[in-house]
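Q: I should like to learn how to read the features of a protein model. May we go through one together, step by step?

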Amino acid sequence: MHASALLSFLSLALISFAEPLKIRDSTITLPIARRVNATGLAGFVQRDKLRAQFLKQGKSGSLRQASVVGSIPATDEAVDYTVKIQIGTPPTTYTLFLDTASANTWVSDVSYVETSTSVQSSNTFLVTYGGGEFASGTQFNDKLAISSSLVEFGQSIGVATDSEGFDGVDGVLGLGPTGLSVGTLSPATTQSIPTIVDTLFQQGVIPQDSVAISFEPSSTVGTVNGELTFGGTDSSKFTGSIDFTAITTTKPSNTFWGINQQIRYGTSTNILSATAGIIDAGTTLTLIATDALARYTQITGAVLDDNTGLLKISSSQFASLQSLFFVINGVTFEFTANAQLWPRALNTAIGGLSTDIFLIIGDIGSNSGSGLDFINGMTWMQRFYVVLDTTNSRVGIANTPFTRATSN
């Protein structure tokens with residue numbers, strides 16, 4: 001990524017923008033990795049804010065026996081995660097951006113190779129992501145392989161003839177609730193598109209319609225440090241138990257992987273009263289309502305850094321920085337002082353100095369009460385194990401060996 005592109009993207013951040021049941025253990029996993037967006041690392045702050053504004057608009061069975069184990073590697077580039085899948089017969093490998101706040105999976109027509117299993121449908125598609133990011137083209141059905149053992153047939157995918165904002169990847173893997181795809185097809189405007197997880201379950205490949213996500217904090221680019229587990233959980237990736245909470249009923253958060261939570265600073269200072277928001281792997285930062293961020297900055301002394309668009313604190317302020325506590329369905333999850341930091345080893349990649357201390361808590365762009373008052377983004381998910389359970393309409397969260405890591 002070019003530094004000039006990075007700085008250009010981050011400078012936009014100053015502009016305000018515009019969405020326990022024990023799951024059966026399974027070893028069907030997909031390694032994933034973080035990726036610095038090829039359009040410029042500096043763009044992630046404003047991209048997060050624009051994405052949050054857009055998401056606020058609300059746009060974007062019985063157990064079966066799983067088959068065999070399958071897994072694939074991916075590449076770490078710091079602001080999001082990508083996965084590799086194969087499509088067609090013979091297969092072509094594609095690198096896709098992992099998004100849990102959209103349900104459409106698509107690849108670029110420049111990359112797509114039609115084969116004997118490719119069937120063009122009568123539908124076109126248009127999916128938008130906020131901030132000017134979009135993809136449009138023709139819907140196909142094709143064979144899709146997450147690995148040699150996780151294979152599904154007739155998966156509906158988009159083949160984009162036009163897209164914006166996804167340089168450096170072949171497309172998007174959408175793992176959001178299926179309802180997010182309604183309205184993206186034409187002429188079948190009321191039709192939803194099953195996600196790859198839905199199809200794996202429907203075709204009997206996995207025992208439950210769920211995907212578990214394991215991320216880890218890292219200070220280097222190019223590391224395979226994540227894992228997707230389909231149809232179950234990987235007990236080696238979390239500690240203690242997984243605590244589940246129902247999808248919130250508050251709009252528009254309820255159209256995503258939305259939950260209710262409260263955030264406090266230290267032992268007793270309320271930052272954000274109990275309210276609705278979402279968990280989203282496609283957002284880099286951990287975003288909170290504007291009024292909540294004002295309380296956070298007042299307590300921490302953090303100031304906005306003009307070069308990066310991130311909040312910045314001094315070394316003495318970091319020494320006194322306390323944990324944030326996320327209270328979800330009566331269970332408290334600690335987000336340590338170190339977890340609140342941008343990885344210092346990557347400071348220069350975003351236009352900062354190696355000695356700077358940046359925070360990954362950001363402004364969602366509106367005061368609390370909007371119906372989507374926080375986004376627990378990728379940086380939050382790097383400290384917790386997350387289960388997206390379609391079968392039971394709920395989200396599971398657990399601590400991991402990295403919850404209290406000091407690597408940042």
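A: Let us begin with a helix. This is a predicted model, and the buried residues of its helix H2 are Phe44, Val45, Gln46, Arg47, Asp48, Lys49, Arg51, Ala52, Gln53, Phe54 and Leu55. Helix H2 is thus mostly covered, with eleven of its twelve residues buried.

Q: What span should the twelve residues of H2 have at 1.5 Å a residue?

A: The twelve residues of H2 should span 16 Å at 1.5 Å a residue, and this agrees with the end C-alpha atoms, which are 16 Å apart.

Q: In which sense, parallel or antiparallel, do E15 and E21 pair?

A: Strand E15, residues 286–288, pairs with E21 in the parallel sense, over three bridges. As one detail, Ile288 stands opposite Asp363 in E21.

Q: What is a nonpolar core, and which residues have the most contacts inside the largest one?

A: In soluble globular proteins, nonpolar side chains tend to be buried together. The largest nonpolar core of this model has 89 residues, and Phe230, Tyr296 and Trp380 have the most contacts inside it. Helix H2 gives the largest share of this core, five residues. A second, separate core has twelve residues, among them Trp106, Phe125, Val127 and Ile193.

Q: Which residues is Trp380 in contact with, leaving aside neighbours within four places in sequence?

A: With those neighbours set aside, Trp380 is in contact with Ile279, Thr286, Phe326, Ile328, Phe335, Val386 and Ile397.

Q: How many salt bridges does a search of the whole structure find?

A: The search finds four salt bridges. In one of them, the side chains of Asp291 and Arg295 meet at 3.7 Å, N to O. These two residues are four apart in helix H4, and therefore about one helical turn separates them. Arg295 counts as partly exposed because its relative accessibility is 31%.

Q: Where in the chain do Lys312 and Asp356 lie?

A: The side chains of Lys312 and Asp356 meet in a salt bridge at 3.2 Å, N to O. Lys312 lies in strand E17 (residues 311–313) and Asp356 in the loop between E19 and strand E20 (357–359), so the pair ties together parts that are 44 residues apart in sequence. Lys312 counts as partly exposed, at 27% relative accessibility, whereas Asp356 is buried, with a relative accessible area of 8%.

Q: Is Arg394 buried or exposed?

A: Arg394 is buried, and Asp389 is buried as well. Their side chains meet in a salt bridge at 3.7 Å, N to O.

Definitions and conventions
Residues are numbered from 1 along each chain as its sequence is written. This is a predicted model: local features need pLDDT of at least 70, side-chain atom pairs count only at pLDDT 80 or more; totals for chains, interfaces and linings use all residues. Side-chain values use heavy atoms; hydrogens and water are left out. Two strands pair if DSSP finds at least two bridges between them. The expected span of a helix is 1.5 Å times one less than its number of residues. Buried means under 20% relative accessible area, exposed over 50%, partly exposed in between (1.4 Å probe, protein chains only). A nonpolar core is a set of buried Ala, Val, Leu, Ile, Met, Phe, Trp, Tyr and Cys residues joined through side-chain atoms within 4.5 Å. Contact means heavy atoms within 4.5 Å.
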